[in-house]
Amino acid sequence: MKKITKYILFAITGSLLILSCSKKKPSLVYFPDMYYPVAYDPYQEAVIAYGEQGTTVPLFSKHEGATALAPVPGTISQNPEGILPMDLPNTPEGYDASKKITVSPLDPKNRDKDLARGKDLYVKTCSACHGTGGDGQGDIVQSGAYSGVPNYKDRDITVGSVHYVIEHGRNAMGSYAGQLLPGDIWRVAEYVINEFKPTAIAASTEQLQTTEQ
């Protein structure tokens, strides 16, 4: 009886080994999305990752296959100016390149309004550390909870480098790209340069005039 049991166990083990080494393709999977979830890019055509068939969903077909649908009527755009972030990497080289940008993409005709909004956002978002005078002596610094915030007047900055730091963060300062809209980052940067670094504006204006001549 024991020998028969051993033979049965050997036979089962051998069968399992043979089946596990089979080169046959696995069987079809019912509802593969449940087993192989696919993360679609909302602005690209939805293509099934485990096959070559494109999407056949009519709702997506109306948008050239993109899974991102049109916003509902009355939706407020988060980027009405259509301003995109600077195409610079978050590296020391990217920061150095940002210093060469001396003019923002905002419409110069709206400069007064942009500076007014930039000031309002600066006071609400930045002055706690940088101070209302841009001297790095905000309330948080004065309380002793934080230190090392530089004075804008002592820094070699341009509107591009200020924008870069707000967008990416630098040293102990984190990114504020999640708190400010793309156009508003430029407004704050313009305000900082206009209010605390007027010599940078004079230099950039002189450079533009030389280029135009």
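1. The side chains of Glu 190 and Arg 111 form a salt bridge, with N and O 3.8 Å apart; the term denotes a side-chain nitrogen of Lys or Arg within 4 Å of a carboxyl oxygen of Asp or Glu. Glu 190 belongs to helix α8 and Arg 111 to helix α4 (residues 111-125), 79 residues apart. Glu 190 is buried at 12% relative accessible area, whereas Arg 111 is partly exposed at 30% (buried is under 20%, exposed over 50%, partly exposed in between, with a 1.4 Å probe and protein chains only).

2. This is a predicted model: local features need pLDDT of at least 70, side-chain atom pairs count only at pLDDT 80 or more, and totals for chains, interfaces and linings use all residues. Residues are numbered from 1 along each chain as its sequence is written, and side-chain values use heavy atoms, with hydrogens and water left out.

3. Arg 187 is bridged to Glu 81, with the closest N and O atoms 2.4 Å apart. Arg 187 lies in helix α8 and Glu 81 in the loop between α2 (58-61) and α3 (92-98). Arg 187 is buried at 10% relative accessibility, and Glu 81 is partly exposed at 38%. Both residues belong to a salt-bridge network that also includes Asp 114, Arg 117 and Asp 184.

4. Within helix α4, Asp 120 and Lys 124 are 4 residues apart, about one turn of the helix, and their side chains meet in a salt bridge of 3.2 Å, N to O. Lys 124 is exposed, with a relative accessible area of 64%.

Technical notes
Helix = DSSP H or I, 4+ residues; strand = E, 2+ residues; numbered from the N terminus.
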